[in-house]
Amino acid sequence: MFESFIGIDFWTALFILLNTLAIFLVARKYLIGPVRKLIEARQKEIDDMYENAGNAREEAMAMKEEYLKKLNDAQMTSDKIVKDAVARGQKREEEIVEKAKNEAGQILQKAQDDIRLEKKKAVNEAKNEISDMALEIAGKVVGRQLSAADKAEMIDHFIDELGDIK
């Protein structure tokens with residue numbers, strides 16, 4: 001009566017249940033196990049990829065820090081080179097200016113020496129001409145020809161009276 005009311009045969013239900021259990025066990029052994037291994041392998045690959053990405057990021061950060069340090073060192077080196085070049089340039093400029101001042105001083109001193117020498121020559125020539133004229137005038141005034149000794153004595157006396165002309 002129970003069977004007719006619901007319409008389920010006990011043996012059929014038991015057979016379906018045993019078949020389902022058998023399919024489940026076979027699927028578990030041949031399907032679920034390999035799928036689980038596949039999923040675990042894929043999960044391991046993903047975990048490894050994340051780990052590698054983390055390592056790569058850390059390595060990239062280390063390389064960036066090293067790059068920035070080298071860039072900073074290069075900047076400091078270039079600044080030092082520029083400062084050294086400027087200092088050498090200023091030193092060279094000072095040397096050139098000092099050399100030019102020395103040369104200008106030497107040229108000025110030589111010019112002053114040349115002027116003094118020419119002035120002395122001109123004064124001596126003027127003294128000689130004046131003394132010759134004075135002797136000629138004196139000779140005409142005295143009315144006689146003067147000897148060389150007389151001329152020398154008169155020139156010396158005349159020059160002493162004029163004094164040194166500078």
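The accessible surface of the protein chain comes to about 15200 Å², and 62% of that surface belongs to carbon and sulfur atoms. Accessible areas come from the Shrake-Rupley method with a 1.4 Å probe; for residues, only the protein chains shown count as cover. The model is predicted: local features need pLDDT of at least 70, side-chain atom pairs count only at pLDDT 80 or more, and totals for chains, interfaces and linings use all residues. Residues are numbered from 1 along each chain as its sequence is written, and side-chain values use heavy atoms, without hydrogens and water.

The protein chain averages a pLDDT (the predictor's confidence in each residue, from 0 to 100) of 85, and 87% of the residues score at least 70. The chain has 3 helices and 0 strands. Helices (H or I, at least four residues) and strands (E, at least two) are DSSP runs, numbered from the N terminus. Confidence is lowest in helix H1 (residues 2–6), at a mean of 55, and highest in H2, at 89. Where pLDDT is low, the predicted coordinates should not be read in detail.

Of the 166 residues, 4% count as buried. Buried means under 20% relative accessible area, exposed over 50%, and partly exposed in between (1.4 Å probe, protein chains only).

Leu18, Leu21, Phe24, Leu25, Leu31, Ile32, Val35 and Ile39 form a nonpolar surface patch, with about 730 Å² of accessible area together. Patch residues have over 30% relative accessible area and no salt bridge; nonpolar side chains (Val, Leu, Ile, Met, Phe, Trp, Tyr) are joined within 5 Å, like charges within 9 Å. A salt bridge is a side-chain nitrogen of Lys or Arg within 4 Å of a carboxyl oxygen of Asp or Glu. Ile32 lies in helix H2. Its relative accessibility is 33%, so Ile32 counts as partly exposed.
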